[in-house]
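Reader: I'm new to looking at protein structures. Could you walk me through how to read one?

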Amino acid sequence: MSESTALSMTDSADNDDLQDWLVARVAEHLRMPAADIRPDVPLSDYGLDSVYALSVAAEIEDHLGFAVDPTMMWDNPTIEALLAAIGEERARSGAA
Amino acid sequence: MTTALATTAGPARLHALESALGDPFADDNPLGLRAVLEADERGEMFEAGEQALHEYGLGAEFVPTAFGGRLDRLDHLVEIMRSVYRRDPCLGLGYGASSFIAGVNLWTAGDEEQCRHAAELLCSGRRVAVAYHELAHGNDMAGTEFTALPGPAGLVLNGRKEIITNVRRAEALVVFARTAQRPGSRSHSQLYVDKSRLPGGHLTHLPRYRTSGMRGVQLGGIEFRDCPLPESAVLGTMGHGLENALRSFPVTRTTLVSMFTGVVDSALRTTLSHVRGRRLYGRTAADLPHIRSVLAAAYSDLLTADCFATVATRALHLLPAQTPIYALAVKFFVSKTLMDVMNQLSAVLGAHFYLREGPAAGFQKLLRDIQPAGFGHAARAACQVSLLPQLPLLARRSWLGETGAPAELFRPGADLPAFDFRQLVISAAGRESLSTSLAAGLAAMPNGTGPAYTALRAHGEHFAGELVDLAEECVSLSPAELSVGAGSHTYDLTTRYVKILVAAACFETWRHARGTDAAFLADPAWAAAALHRLRTPLGTPRPSLPGHLEQPLWDELLDRCARSKGLGMLPRPLAGSHG
């Protein structure tokens with residue numbers, strides 16, 4: 001197994017963890033079962049309000065240890081989009 | 001008109017305005033309360049007052065100096081507007097505040113050309129209305145139905161805006177509109193609409209709304225039907241309306257409610273004058289111990305509210321990134337405190353607060369006019385709901401810290417760095433340093449003696465301990481308890497937090513006044529009184545003050561009224577010979 005494959009497998013395991021963690025945050029806030037939250041549906045469709053979306057950004061910061069834009073969730077309104085944006089931020093903060 | 005005052009400092013402009021408007025309590029003053037009341041009885045704006053404000057050039061106070069206006073310090077703007085509010089809140093809102101809110105949107109998000117255009121209107125005494133509100137959605141801005149969707153030549157406006165101050169008389173509007181159909185937080189924009197450039201036939205004005213207070217203010221509505229508007233009318237980035245609004249709110253929420261302290265200033269003077277002139281049971285009502293207690297407590301509450309508002313206004317210059325939190329707290333606390341004071345004073349006036357004639361007739365108008373402090377621009381409950389989800393984050397990031405805010409925050413009237421609208425942020429991200437200033441201030445508390453000093457220390461320690469308790473409770477709050485569906489116990493956590501902020505503001509303002517020539521602020525009595533009243537458990541009536549705290553407040557109230565000095569943190573000289 002090449003080094004790069006191992007790396008991307010770790011990344012994808014991380015990503016699964018992160019996805020589960022994110023979905024759990026949102027599900028708790030909305031009092032919904034996590035299984036009912038689909039990664040490709042805008043979270044506002046489930047009733048997630050804009051103010052809570054701001055505090056999710058801070059929770060992401062505390063969980064991952066790097067700064068993210070407070071409006072990250074406004075610009076990336078689905079779980080899928082949010083994970084992609086976090087990936088980019090992570091690369092940027094790692095590169096910096 | 002505007003040039004003569006352009007380079008004058010705030011206190012000098014305040015003096016110029018006070019001189020132009022004269023003693024509000026003099027019956028023969030054509031700009032006094034008597035004339036204000038007559039206009040109110042007719043449900044009209046006070047025309048002579050509007051003319052006087054026009055001559056003073058009040059609109060220029062809302063325009064940053066960079067665009068040719070006089071706005072360089074928000075604390076000075078508040079003081080100047082208090083001079084208007086203490087005479088006629090309708091003028092305050094109707095001539096002033098609504099154009100200021102519109103302006104803040106522009107200075108925060110508009111481009112150079114939009115800002116220049118609005119600045120010219122305001123500096124020449126014309127108006128810009130701010131059209132956010134739709135009756136069906138209240139403070140739920142994301143629910144906005146008014147649309148500005150892409151059309152053949154830019155945008156097409158459709159929908160209604162309701163209960164908008166001056167919408168008919170304004171030359172331009174800032175409209176909050178849905179610019180994308182999808183739900184979410186990037187689907188709205190502010191539009192700067194110059195009425196004179198709209199094609200005819202697409203715009204209807206709705207009839208005026210009648211109200212129980214602020215009766216002179218022209219609240220109207222507007223309806224657009226397929227009205228074309230160039231895309232260049234959007235303020236800032238298309239779709240960033242909610243972000244722009246949240247960035248503007250720290251300024252508007254803090255300063256607008258702070259202006260209302262002028263109303264209570266007049267109400268307190270009116271009540272004091274009444275009880276000193278009224279003879280009951282062989283002495284004046286002012287000699288009755290209970291009456292004194294109520295008035296001294298009312299004065300204490302006014303000072304407390306003003307202290308917190310002043311600190312939060314200074315924070316806009318000094319700690320702008322923290323102000324999204326303070327603004328919510330100010331709107332929530334100051335509005336309620338001011339309204340409570342008005343109700344306490346109405347009980348002292350008895351039947352006279354109800355009369356629409358006689359020397360105390362102004363009071364019933366002030367009581368009606370102050371009500372929008374609690375719901376106008378943002379409702380108190382909406383501020384609580386916005387604070388709620390931030391509590392766990394605040395607990396984690398701020399409340400367990402040990403550093404306090406810089407000393408400049410607590411020096412009313414002292415110099416401030418320039419204010420930059422572009423530095424406003426959407427969220428404090430759980431970071432503020434006012435609450436922890438209390439423990440830091442206690443640790444640095446200078447030695448002292450006497451009952452007021454001892455009381456202040458004890459109350460200060462109580463609130464510092466309260467912050468530790470609150471942090472423990474909030475760190476582990478479940479996310480489900482942080483939304484609009486939260487239980488009332490959770491809402492109470494926001495109230496407890498806000499009281500700690502207020503206590504910190506008062507304690508630190510006292511501590512930093514020591515050694516200055518502000519003798520009253522340097523005495524611990526007012527701050528001890530403030531914390532004493534704040535300590536009341538939720539839902540119980542506030543206790544009256546112990547005699548050793550009541551007496552200095554009563555003396556100060558009498559002295560300032562006799563010498564026509566402002567009743568806030570700063571005893572500014574005001575027009576009048578009222579005693």
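**Reading the model together**

Author: Let's start with one residue: Ile163(B) sits in strand β3 of chain B. Keep in mind that what you see is a predicted model.

Reader: OK. What is the phi of Ile163(B) like?

Author: Here's the general idea. Most residues other than glycine have a negative phi. Ile163(B) isn't a glycine, yet its phi is positive, about 60°. As for cover, Ile163(B) counts as partly exposed, because its relative accessibility is 31%.

Reader: Now salt bridges. What is the idea, and how many are there over all chains?

Author: Side chains of opposite charge can pair when their charged atoms come close. The count over all chains comes to 41 salt bridges. Let's take a few of them.

Reader: Which residue does Lys161(B) pair with?

Author: Lys161(B) forms a salt bridge with Glu134(B), with 2.9 Å from N to O. Lys161(B) lies in strand β3 (residues 154-165) of chain B, while Glu134(B) is in the loop between β1 (128-131) and β2 (147-151), so the pair ties together parts that are 27 residues apart in sequence.

Reader: Are Lys161(B) and Glu134(B) buried or exposed?

Author: Both Lys161(B) and Glu134(B) are buried. Now set that beside Arg225(B) and Glu223(B), a salt bridge whose closest N and O atoms are 2.9 Å apart. Arg225(B) counts as exposed because its relative accessibility is 52%, and Glu223(B) counts as buried because its value is 14%. The cut-off for buried is under 20%, and the one for exposed is over 50%.

Reader: What about chain A: which residue does Glu28(A) meet in a salt bridge?

Author: Its partner is Arg25(A), and the N to O distance is 2.8 Å. Glu28(A) and Arg25(A) are 3 residues apart in helix α1 of chain A, so about one helical turn separates them. Glu28(A) is partly exposed, with a relative accessible area of 35%, whereas Arg25(A) is buried at 17%.

Reader: Which residues are linked in a network of salt bridges?

Author: Asp40(B), Asp88(B), Lys365(B), Arg368(B) and Asp369(B) are linked that way.

Reader: How is chain A as a whole put together, in helices and strands?

Author: Chain A has 4 helices and 0 strands, and from the N terminus on its elements run α-α-α-α. Of the 96 residues in chain A, 39% are buried. Chain A exposes about 5,100 Å², and carbon and sulfur atoms supply 52% of that. Now count the contacts in chain A with a separation of 6 or more: residues 24 or more positions apart account for 45% of them.

Reader: Back to chain B. Is Glu508(B) buried or exposed?

Author: Glu508(B) counts as buried because its relative accessibility is 3%. Glu508(B) is in helix α17 (residues 488-513) of chain B. Leaving aside neighbours within four places in sequence, Glu508(B) is in contact with Phe410(B), Ser437(B) and Gly441(B).

Reader: One more. Where is Pro543(B), and what is Pro543(B) in contact with?

Author: Pro543(B) is found in the loop between α19 (524-534) and α20 (547-562) of chain B. Setting aside neighbours within four places in sequence, Pro543(B) is in contact with His532(B), Arg533(B) and Thr536(B). Pro543(B) counts as partly exposed, because its relative accessibility is 31%.

Methods
Residues numbered from 1 in each chain as written. Chains lettered and ligands numbered in written order. Predicted model: local features only at pLDDT ≥ 70, side-chain atom pairs only at ≥ 80, totals over all residues. Heavy atoms only, no water. Helix = DSSP H or I, 4+ residues; strand = E, 2+ residues; numbered from the N terminus. Buried < 20%, exposed > 50% of the residue type's maximum accessible area, 1.4 Å probe, protein only. Contact = heavy atoms within 4.5 Å. Salt bridge = Lys/Arg side-chain N within 4 Å of Asp/Glu carboxyl O. Areas by Shrake-Rupley, 256 points an atom, 1.4 Å probe, with all protein chains shown as cover.
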